[in-house]
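Reader: Please give me a close, careful reading of one part of this model, its packing, with the cut-offs behind each term.

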Amino acid sequence: MPSFREMRETDELWTRFPALERAEAGSERTLLTFDDGPDPEGTPAVLDALDAIGARATFFMLGEQLMRHQDVGREVVARGHEVALHGFTHQHHEKLTPQQSRDDMARGLGAVEAATGRRPRFYRPPYGRFTDASYDACRKLRLEPVYWSAWGIDWEPIPAERIADVAGRDLADGVILLLHDSARYADRDSAAPTAEALALLEHQRLEAGVGFGALADAVSSL
């Protein structure tokens, strides 16, 4: 599998549809983001792990997951974390019609607001892939588009140590780290390794001399 840097160098869509990949220097934080929840199997364990290391994070939620697990979504907010939008369904927007893309995003936004009482500021498309329609909808819905600058490849069936090893290489000021609090849309059976990896990443971030935070802790309004 290509490294994140190799993927970034060859991804023309990220050039065509610019989005936040890294926060400006100065916050002295690596920004933790979690996609694909809320999920009763993975999200509570991630929340407990974040509590244990005293870290705040941004959760990019899916509307269809919130419809099933509203209590888990509300728990994310109750524990002081930031809510963001990942859409209603977890589909490639290239496979949707323009109207389907717009409807998916609007429906997802409504679901997140209704379930959590918070209006998301940020949007990350599934698989990090925008289309003309989804990018336009993002702007019209007054959402700030977000990608990432590091990942833990935790959609694959790998142990916590491997997740922490991959993610820990890039812990630095302003880095946006992509992780997942659900295994529902991945090849693995459980999101438990991601939660377990957070304790390991705590040691690595101390060595790197940075803190952990949510996007809103380091990103000024555009």
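Author: Helix α3 (residues 43-53) and helix α5 (residues 70-78) have axes that come within 10 Å and cross at roughly 10°, so α3 and α5 are roughly parallel (under 35 degrees) to each other. The model is predicted, with local features needing pLDDT of at least 70 and side-chain atom pairs pLDDT 80 or more, while totals for chains, interfaces and linings use all residues. Residues are numbered from 1 along each chain as its sequence is written, and side-chain values use heavy atoms, leaving out hydrogens and water. T43, P44 and L47 of α3 make the contact (heavy atoms within 4.5 Å) with V72, E75 and V76 of α5, and these residues divide into four nonpolar, one polar and one charged.

Turning to the strands, five of the five residues of β7 (residues 176-180) are buried (under 20% relative accessible area, 1.4 Å probe), so β7 is largely enclosed by the rest of the structure. I176, L178 and H180 point one way from β7, whereas L177 and L179 point the other way. Strand β1 (residues 29-35) runs parallel to β7 and is joined to β7 by five bridges, with F34 having L179 as its bridge partner. Strand β6 (residues 150-151) also pairs with β7 in the parallel sense, over two bridges (at least two are needed), and there W151 stands opposite L178.

Terms used. Axes are lines fitted to C-alpha atoms, for helices over the stretch in contact, and angles run from 0 to 180 degrees between N-to-C directions. Helices (H or I, at least four residues) and strands (E, at least two) are DSSP runs, numbered from the N terminus. Angles under 35 degrees count as roughly parallel, over 145 as roughly antiparallel, 65 to 115 as roughly perpendicular and the rest as oblique. Ala, Val, Leu, Ile, Met, Phe, Trp, Tyr, Cys and Pro count as nonpolar, Asp, Glu, Lys and Arg as charged, and the others, Gly among them, as polar. Buried means under 20% relative accessible area, exposed over 50%, partly exposed in between (1.4 Å probe, protein chains only).
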